[in-house]
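I opened my notebook to record what holds this chain together. I went through the links between side chains one by one.

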Amino acid sequence: MARKRRRNSRAWFAVAALAGLSQPAPAAIIGTCTIMIGASGTMTANPGLSILGSKQAGGSSASATIVASSLLCTLLDLLDCYSVSAPAPAAFSSAPSGGGTNVTFASVFRLDGSGVDINGSVPQRVTNGTHALQVDLTATKSSGVFPAGTYQGIVTVRCE
């Protein structure tokens, strides 16, 4: 009987060990992506008053700083743990009467001073560290012209 007990206790030990291995392990992986908003951009009109954009003459890009930090990325030496995007809004947040009708929006952004425009809706992978971001917004009126007044468009920068 003593021998059977040893076998059973070994079997139970093995089952307990396997059960312990199949349980999810608590994770201590911490990651953050901080977005610090810088300067607001300025949209100006084209000569035909059918386009408002920060890339038009006299316009300026909005800016932000992204700080990505992930322990998992650091430990595994991964290069692309966070993605940044800046999709265009569906509408102006404020506009004069008639200014927001028949309007389509497009946004682009650039990372780290590159001159390459990235479609705002297309996530761009970033490494751990600090990244400069410039964002441009363009509103195009498909018929008519933009009436005089004050317009505001808000682009939401995402880091996921």
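**Entry 1: the salt bridges**

I looked up lysine 55 and got 49% relative accessibility, so lysine 55 counts as partly exposed. My cut-offs: buried is under 20% relative accessible area, exposed is over 50%, and partly exposed is in between (1.4 Å probe, protein chains only). I noted that this is a predicted model, where local features need pLDDT of at least 70, side-chain atom pairs count only at pLDDT 80 or more, and totals for chains, interfaces and linings use all residues. Residues are numbered from 1 along each chain as its sequence is written, and side-chain values use heavy atoms, with hydrogens and water left out.

How many salt bridges does the structure hold? I found three. A salt bridge here is a side-chain nitrogen of Lys or Arg within 4 Å of a carboxyl oxygen of Asp or Glu.

Lysine 55 pairs with aspartate 117, and their closest N and O atoms are 2.3 Å apart. This pair links distant parts of the chain, 62 residues apart. Lysine 55 sits in the loop between β3 and β4, and aspartate 117 in the loop between β6 (103-111) and β7 (118-119). Strands (E, at least two residues) are DSSP runs, numbered from the N terminus.

Aspartate 117 also forms a salt bridge with arginine 110, at 2.9 Å between the closest N and O atoms. Arginine 110 then bridges to aspartate 136, at 2.8 Å. Arginine 110 is in strand β6 and aspartate 136 in strand β9 (residues 129-141), so this pair ties together parts 26 residues apart in sequence. I checked burial too: arginine 110 and aspartate 136 are both buried.

**Entry 2: serine 54**

Is serine 54 buried or exposed? Its relative accessibility is 5%, so serine 54 counts as buried. The side chain of serine 54 makes a polar contact with that of aspartate 136, at 2.7 Å. A polar contact is a pair of N or O atoms within 3.5 Å; within protein, one must be able to donate a hydrogen and the other to accept it, and residues adjacent in sequence count only if both atoms are side-chain atoms.

**Entry 3: the disulfide**

I looked for disulfides, meaning cysteine sulfur atoms within 2.5 Å. Cysteine 33 and cysteine 159 form one, with sulfur atoms 1.7 Å apart. Cysteine 33 lies in strand β1 (residues 31-37) and cysteine 159 in strand β10 (residues 158-159), 126 residues apart. Cysteine 159 has 18% relative accessibility, so cysteine 159 counts as buried.

Technical notes:
Helix = DSSP H or I, 4+ residues; strand = E, 2+ residues; numbered from the N terminus.
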